[in-house]
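Morning, everyone. I have a few minutes on a new structure, so let me put it on the screen.

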Amino acid sequence: MGCLRRESWISFSDNYRHIHNGMYHFLRTSVRRTRERVASFRDDAALRRNKELFLLYERFAAASENGRIIGKSDAVNLYNLVKRRQPRRILEFGTGIGASTAVLALAIGEGTITSLEDSIGCLEIAKRLIPPALNAKVRYMLSPRRAFSVPQIKYVYFSGYRELPRNGGPYDFVLVDGPDAWIEDGQVVNLPNGDLIPMLPYIASGALIYVDCRKGAARMYEKYLAKYLRVAERGDGHTIFERTGERLARLEDLEVKDTRLGNVGLAL
Ligand SMILES: C[S@@+](CC[C@H](N)C(=O)[O-])C[C@H]1O[C@@H](n2cnc3c(N)ncnc32)[C@H](O)[C@@H]1O
């Protein structure tokens with residue numbers, strides 16, 4: 001009898017636990033979905049407030065290859081930042097199909113954008129989708145992706161572009177949105193984007209660096225490059241750094257603070 005009671009209690013508590021867990025997951029998912037819907041509504045409203053920007057963004061959102069374009073809130077953020085600061089030389093990592101490039105070109109006044117991409121297919125789509133008046137402000141660079149390390153940061157590999165535009169600087173605004181992960185010898189190569197490191201000598205003091213998502217990369221910059229970059233803003237889907245006044249004429253002179261073996265969790 002006692003044995004039966006214990007079994008029924010166990011089965012009751014098991015059921016209770018399942019129901020409780022089910023409810024918990026249901027509520028959590030509902031809250032998350034509601035938050036996402038509110039955010040998407042808010043981003044949409046912010047984008048629609050600027051008709052020119054909205055129509056431009058829609059060109060890319062309507063393209064069949066739109067899977068990886070910057071989000072609406074990033075489009076608004078980037079546009080406002082560039083409008084306000086009026087940089088002369090923008091450097092973009094990851095042209096993709098050109099949504100962010102077009103937004104930057106719309107916001108920039110007299111300046112130019114140097115935009116790097118490793119996929120020729122993406123570049124062709126970008127050149128076709130970006131209106132000619134904005135295209136005229138863009139210097140496209142097709143550059144193969146690579147994995148690399150720098151001697152001062154031990155045991156860490158970064159992804160980046162093989163050829164970098166060292167001659168077009170100093171850059172006063174940077175967008176980090178590529179390269180993406182790739183497959184090599186059947187293995188996924190998913191590394192934090194590290195092009196900022198070799199480009200540091202060519203980035204002007206006071207320049208803003210907008211890192212789209214890529215939290216793993218942002219954590220690496222915080223950990224290793226604090227002398228040269230300070231966090232100016234941490235958003236839900238982006239981190240903005242500001243180049244400090246610390247001079248760095250040559251990459252060989254790069255000083256990193258924390259050289260311990262440190263995998264800081266590569267959620268890219
Ligand atoms: C996050 S995406 C860059 C998006 C870009 N900044 C934009 O707003 O359009 C990163 C990389 O994904 C790749 N990519 C983007 N769209 C792609 C597509 N439709 N097909 C294949 N690769 C794509 C490109 O190599 C690109 O550099």
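This is a predicted model: local features need pLDDT of at least 70, side-chain atom pairs count only at pLDDT 80 or more; totals for chains, interfaces and linings use all residues.

Which residues are closest to the ligand? Five of them: Glu65, Arg68, Gly96, Ala99 and Gly178. In total, 19 residues surround the ligand.

Now the whole chain. There are 268 residues, and 35% of them are buried. The secondary structure comes to eight helices and eleven strands. Along the principal axes, the C-alpha atoms fill a box of roughly 85 × 50 × 40 Å.

Let's look at helix α3. This helix covers residues 72-85, which is 14 residues. What span should we expect for it? At 1.5 Å a residue, the answer is 20 Å. The end C-alpha atoms are 20 Å apart, so the model agrees with the expectation. Several α3 residues are buried. Lys72 is one of them, and so is Asp74. Ala75, Val76, Asn77, Leu78, Tyr79 and Val82 are buried too.

Next, packing. Two packed helices are described by an angle and a distance, both taken between their axes. Start with α3 and α4. Their axes come within 8 Å and cross at roughly 30 degrees. An angle under 35 degrees counts as roughly parallel, so α3 is roughly parallel to α4. The crossing of these two helices is right-handed.

Helix α4, residues 99-107, also packs against helix α2, residues 51-61. Here the angle is about 160 degrees, and the axes are 9 Å apart. Is α2 roughly parallel or antiparallel to α4? Roughly antiparallel, because the angle is over 145 degrees. Again, α2 passes α4 in a right-handed crossing.

On to the backbone. Most peptide bonds are trans, and most residues other than glycine have a negative phi. So where should we look in this chain?

Take the peptide bonds. Gly169 and Pro170 are joined by a cis bond, with omega about 0 degrees. Pro170 sits in the loop between β5, residues 158-161, and β6, residues 171-176. Another cis bond runs from Gly178 to Pro179, with omega near 0 degrees. Pro179 is in the loop between β6 and β7, and β7 covers residues 182-184.

Now phi. Gln86 follows α3 and has a positive phi, near 45 degrees. Gln86 lies in the loop that leads from α3 to β1, residues 89-93. Arg214 has a positive phi as well, near 40 degrees. Its loop runs between β9, residues 203-212, and α8, residues 215-224.

What about the surroundings of these two? Gln86 has 13 other C-beta atoms within 10 Å, so Gln86 is partly exposed. Arg214 has 21 other C-beta atoms within 10 Å, and therefore counts as buried.

Last stop: Leu254. This residue is in the segment after β11, residues 238-243. Buried or partly exposed? Partly exposed, because Leu254 has 19 C-beta neighbours inside 10 Å, and a buried residue needs 20 or more. How far apart are Leu254 and His25 in space? C-alpha to C-alpha, 47 Å. In sequence, 229 residues separate them.

That's my tour. Over to you for questions.

How values were computed
Residues are numbered from 1 along each chain as its sequence is written. A residue is near a molecule or strand if its C-beta atom, placed from the backbone, lies within 6 Å of it. Helices (H or I, at least four residues) and strands (E, at least two) are DSSP runs, numbered from the N terminus. The expected span of a helix is 1.5 Å times one less than its number of residues. A residue is buried if 20 or more other C-beta atoms lie within 10 Å of its own, exposed if 12 or fewer, and partly exposed in between; C-beta atoms are placed from the backbone. Axes are lines fitted to C-alpha atoms, for helices over the stretch in contact, and angles run from 0 to 180 degrees between N-to-C directions. Angles under 35 degrees count as roughly parallel, over 145 as roughly antiparallel, 65 to 115 as roughly perpendicular and the rest as oblique. A crossing is left-handed if the near helix is turned anticlockwise from the far one by less than a right angle, and right-handed if clockwise.
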